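This report examines a protein model at the level of domains, helix packing and individual residues. The sequence and structure are shown first.

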Amino acid sequence: MKSYFFDTVLLPGGWARNVQLSVTPAGEIAEVCADARRGDSTHIAGVALPGMPNLHSHAFQRALAGLAEFRAHPSDSFWSWRKLMYEFVGQITAEQLQAIAAQLYLEMLKAGYTSVAEFHYVHHDASGRPYADVATMSHAIVAAAQLTGIGLTHLPVLYMSSGFGEQTATEGQRRFTHADVHSFLELVQKLQQAYGSDPQVSIGVAPHSLRAVPAAALLEVTSAFSQMDTNAPIHIHIAEQVKEVEDCVAHTGLRPVEWLLNNLQLDRRWCLVHATHLTEAETVRLAGSEAIAGLCPTTEANLGDGLFPLAPFLDSSGRIGVGSDSNSSVSPIEELRWLEYGQRLISRRRNIAADGTTPHVGRNLWQRCCNGGAQALGKLTGSIESGYRADLVVLDPEHPILAGRLQDQLLDCFVFSGNSNPITDVITGGKRVIENGRHLHEQGIVNSFRAAIRAASL
Ligand SMILES: [Zn+2]
């Protein structure tokens, strides 16, 4: 059995020194021994933390990062960004998607994400017809994850209409849509059969949003999926935009999160992505459901969505995790920092995400989002303990931003001090995929990405 030895490790109960970690061939932590001797374990000098699960990504959008940062119209908004996104997604091939996703997942690993939930809605060919193998685009995502080593929760997306009231999908949405729940569930089953025995890959499901999935279909798909797999995660975009909230109220009489709470059994399997616009009552009810609020602060800022009510949600014991979503930014640090700073700016106070048990904001956010992210991905990860996936990042304590810092103070400095990256090594599923800052397949991945971007002619 493989084993590693670390100088300092953040365990669930706190910091430990001289920790030996043994790992099963399937990539699970078999045993954790603190105050151990090094023996013949592989010694990785530094401070090991649980790797961060990234609970929301659209990989292909990485290719659009930075391309919508000019004013085309005085009222530029989420909706004008979406128009650009549709133009790009209309032409992308499976090979290009794989190359873009591999580069993205490589960047995620180096930044500290060790697993990712891919909210995947580009299913069909450029004309909108299903591929001969309906899972062609999903296979491209899984191949990218396998090449890089990142843990994957693949979430095929059900997308049926362009707006509330079962509006017909537009030409720009032709690659996303399924005519009925049955054909979508065939895709899900196919993926479960293909990857069900792979410990690196989990399969969940994602009804896109209340605007893109009619109520009857949403109830049908969640019920059918729950019977297929009783523990797998269900993700949905919700209450991201004020217009979406207004449209939902106009069509149903209820706000989006209110509608979900009233019509579905929200529980630990659910991840409500964004959940930006909540009333006080929704905030408390959502926290009580134990569903995850999937927060994507850099994308929500980039798209001008709004601010999630973090303080009251945490006060109600709400569960959170972070995602890179549009992948304009690929850094858990930046997500955590924006999450905290947005709250400071609006409340004119400091140290919002802290409590009596964990007063250090960096440590509190890292651990909360590791735990919440793991729940959202439906994986035992985000904590260094036996039975969990061996997903860790290792920091260089001699890096200038960390020099002389210990334990919680070191973690605060990692999150809040500067923009250079002190991560030297990353282990996913027990494999050392980043070693001294480099991935084994890095050059090939980068070259394929460059070729894909040039060919995409944006
Ligand atoms: Zn999204």
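## Basis of the description

The model is predicted, and local features require pLDDT of at least 70, side-chain atom pairs count only at pLDDT 80 or more, and totals for chains, interfaces and linings use all residues. Residue numbers start from 1 along each chain as its sequence is written.

## Domains and their interface

Two domains are assigned: domain 1 comprises 2-50 + 387-443, and domain 2 comprises 52-377. These bounds come from an automatic or database domain assignment. A distance of 28 Å separates the C-alpha centres of domain 1 and domain 2.

At the interface, 24 residues of domain 1 contact 24 residues of domain 2; two residues are in contact if their C-beta atoms, placed from the backbone, lie within 7 Å. On the side of domain 1 that touches domain 2, at least two residues each are supplied by β4 (42-50), α13 (407-416), β15 (423-428) and β16 (431-435). Helix α13 provides the largest share of that side, six residues. Helices (H or I, at least four residues) and strands (E, at least two) are DSSP runs, numbered from the N terminus.

By class, the side of domain 1 that touches domain 2 holds 12 nonpolar, six polar and six charged residues. Here Ala, Val, Leu, Ile, Met, Phe, Trp, Tyr, Cys and Pro count as nonpolar, Asp, Glu, Lys and Arg as charged, and the others, Gly among them, as polar.

## Two helix pairs

The geometry of two helix pairs is set out below. Axes are lines fitted to C-alpha atoms, for helices over the stretch in contact, and angles run from 0 to 180 degrees between N-to-C directions.

| Helix pair | Crossing angle | Axis distance |
|---|---|---|
| α2 (94-111) and α3 (136-148) | roughly 35° | within 8 Å |
| α4 (181-195) and α5 (215-228) | about 30° | 10 Å |

The crossing of α2 and α3 is right-handed. A crossing is left-handed if the near helix is turned anticlockwise from the far one by less than a right angle, and right-handed if clockwise. Residues of α2 in this contact include Leu97, Ala101 and Tyr105, and those of α3 include Met137, Ile141 and Ala144. The contact of α2 with α3 comprises 14 nonpolar, three polar and no charged residues.

How are α4 and α5 oriented to each other? They are roughly parallel, a term that applies to angles under 35 degrees, whereas angles over 145 count as roughly antiparallel, 65 to 115 as roughly perpendicular and the rest as oblique. Their crossing is also right-handed. In α4, Val181, Phe184, Leu185 and Val188 meet Ala217, Glu220, Val221, Ala224 and Phe225 of α5. This contact of α4 with α5 has eight nonpolar, no polar and one charged residues.

## Positive phi in two loops

Most residues other than glycine have a negative phi. Glu166, which is not a glycine, has a positive phi near 55°. Glu166 belongs to the loop between β7 (151-158) and α4. Asn327, likewise not a glycine, has a positive phi of about 60°, and lies in the loop between β13 (319-322) and α11 (332-347).

Which of these two sites is buried, and which partly exposed? Glu166 is partly exposed, with 15 other C-beta atoms within 10 Å, whereas Asn327 is buried, with 26 other C-beta atoms within 10 Å. A residue is buried if 20 or more other C-beta atoms lie within 10 Å of its own, exposed if 12 or fewer, and partly exposed in between, with C-beta atoms placed from the backbone.

Phe5 lies in strand β1 (residues 2-11) and counts as buried, because 21 C-beta neighbours lie inside 10 Å. Beyond neighbours within four places in sequence, Phe5 contacts Gln20, Arg38, Ser41, Thr42 and His43. Arg17, 12 residues away along the chain, has its C-alpha atom 9.9 Å from that of Phe5.

Thr114, in strand β6 (residues 113-120), is buried, with 30 C-beta neighbours inside 10 Å. Among the residues that Thr114 touches, not counting those up to four places away in sequence, are Gly51, Met52, Asp391, Val426 and Thr428. Thr114 and Gly429 are 315 residues apart in sequence, yet their C-alpha atoms are 8.8 Å apart.

Ile453 is part of helix α14 (residues 442-456) and is partly exposed, with 16 other C-beta atoms within 10 Å. Ile453 and Asp267 are separated by 186 residues in sequence and by 40 Å in space, C-alpha to C-alpha.
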